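Colleague: I'd like to learn how to read a fold like this one. Can we go through it together, feature by feature?

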Amino acid sequence: MSLKTFVAEALNNFQTVAAISPSSRFLATAMLEPRTLARTRVALELGAGTGAITRALLAQLPPRAKLLVFEINPRFFECLQQSISDPRVILINSSAENLDAELRRRGIQKVDAVISSLGLAFMPEDDRQALFQRLSPFLHHKSVFTQFQYIHGMQFVGGRLCRLNLRPLLSRYFGSVQSKIVWRNLPPAFVFTCHARSQ
Ligand SMILES: C[S@@+](CC[C@H](N)C(=O)[O-])C[C@H]1O[C@@H](n2cnc3c(N)ncnc32)[C@H](O)[C@@H]1O
């Protein structure tokens, strides 16, 4: 069910879904930082799709943690509502660009972990910058941000396909950026693990 939903939505909305299938369990595991998650009080997941990473994340979060899950696609959101009933989860059918308003509305001042599957390469440059500018005030010096990018790393610029290197963008907002490759995913992906700047 969730694979069928995913592929159908990917074909209809490739610009936002930016994937051909849900993440493998290998990619999901690589996106998680067990040491950070074990002490996480508030985590954000940006772009949950049908929940491939959400479920792996919930297996590692402490019982009292909160996980705010942003998913813009209404069909994926419905799928998440039907398949995830964990009291730690708050499902938000809104763009990740509204994260500051959603956090403030709930009285949340800081987040410990951010797990993003957003297709950053397919977002306009201004939206990418706006996203990180809105997220930055909610990070503390031990916060961890993880993002994956498929190995081809293509983006559209002026209707043309070219490569986007995420490292310079992430280095602008984080003190350290480490990457590794996960081959067992379709397609293989880089996982970037970023630590906030010490303040
Ligand atoms: C590459 S898919 C990853 C889905 C899932 N996390 C996985 O790993 O299988 C990206 C997801 O981000 C969602 N998305 C794209 N832009 C978004 C935005 N601005 N805010 C929230 N979700 C967004 C898409 O609808 C899609 O579900």
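Colleague: How many bridges join strand 1 to strand 4?

Modeller: 4 bridges join strand 1 to strand 4 (residues 111–116), and the two run parallel. Strands pair when DSSP finds at least two bridges between them. Strands (E, at least two residues) and helices (H or I, at least four) are DSSP runs, numbered from the N terminus. Before we go on: this is a predicted model, where local features need pLDDT of at least 70, side-chain atom pairs count only at pLDDT 80 or more, and totals for chains, interfaces and linings use all residues. Residues are numbered from 1 along each chain as its sequence is written.

Colleague: Where do the side chains of strand 1 point?

Modeller: In a regular strand the side chains alternate between the two faces of the sheet. Here V42, L44 and L46 point one way from strand 1, A43 and E45 point the other way, and all are buried. Buried means 20 or more other C-beta atoms within 10 Å of the residue's own, exposed means 12 or fewer, and partly exposed is in between, with C-beta atoms placed from the backbone. Since 5 of the 5 residues of strand 1 (residues 42–46) are buried, the strand is largely enclosed by the rest of the structure. Strand 4 is mostly covered too, with 6 of its 6 residues buried.

Colleague: What does strand 4 pair with in strand 5?

Modeller: Strand 4 runs parallel to strand 5 (residues 139–150), and 5 bridges join them; V111, for one, stands opposite L139. With helix 8 (residues 125–135), these two strands make a right-handed β-α-β unit.

Colleague: In what order do the strands lie in the sheet?

Modeller: The open sheet has 7 strands in the order 3-2-1-4-5-9-8, with mixed pairing. Strand 3 (89–92) and strand 8 (176–182) are the edge strands, each pairing on one side only.

Colleague: Now a helix. Which residues of helix 6 are buried, and which are exposed?

Modeller: An α-helix has 3.6 residues a turn, so residues three or four places apart point the same way. In helix 6 (residues 74–83), F76, C79 and L80 are buried. They cover an arc of only 100° around the axis (taken from the directions from the helix axis to the C-beta atoms), which puts them on the same side of helix 6. P74 and Q82, on the other side of helix 6, are exposed.

Colleague: And the ligand: how many residues surround it?

Modeller: There are 23, and the closest are A19, S23, G47, G49 and S117. The cut-off is a C-beta atom, placed from the backbone, within 6 Å of the molecule. Helix 2 (14–17) and helix 5 (52–60) are the elements that give two or more residues to this shell.

Note on methods. A crossover is right-handed if, with the strands pointing away from the viewer, the path from the first strand over the helix to the second runs clockwise.
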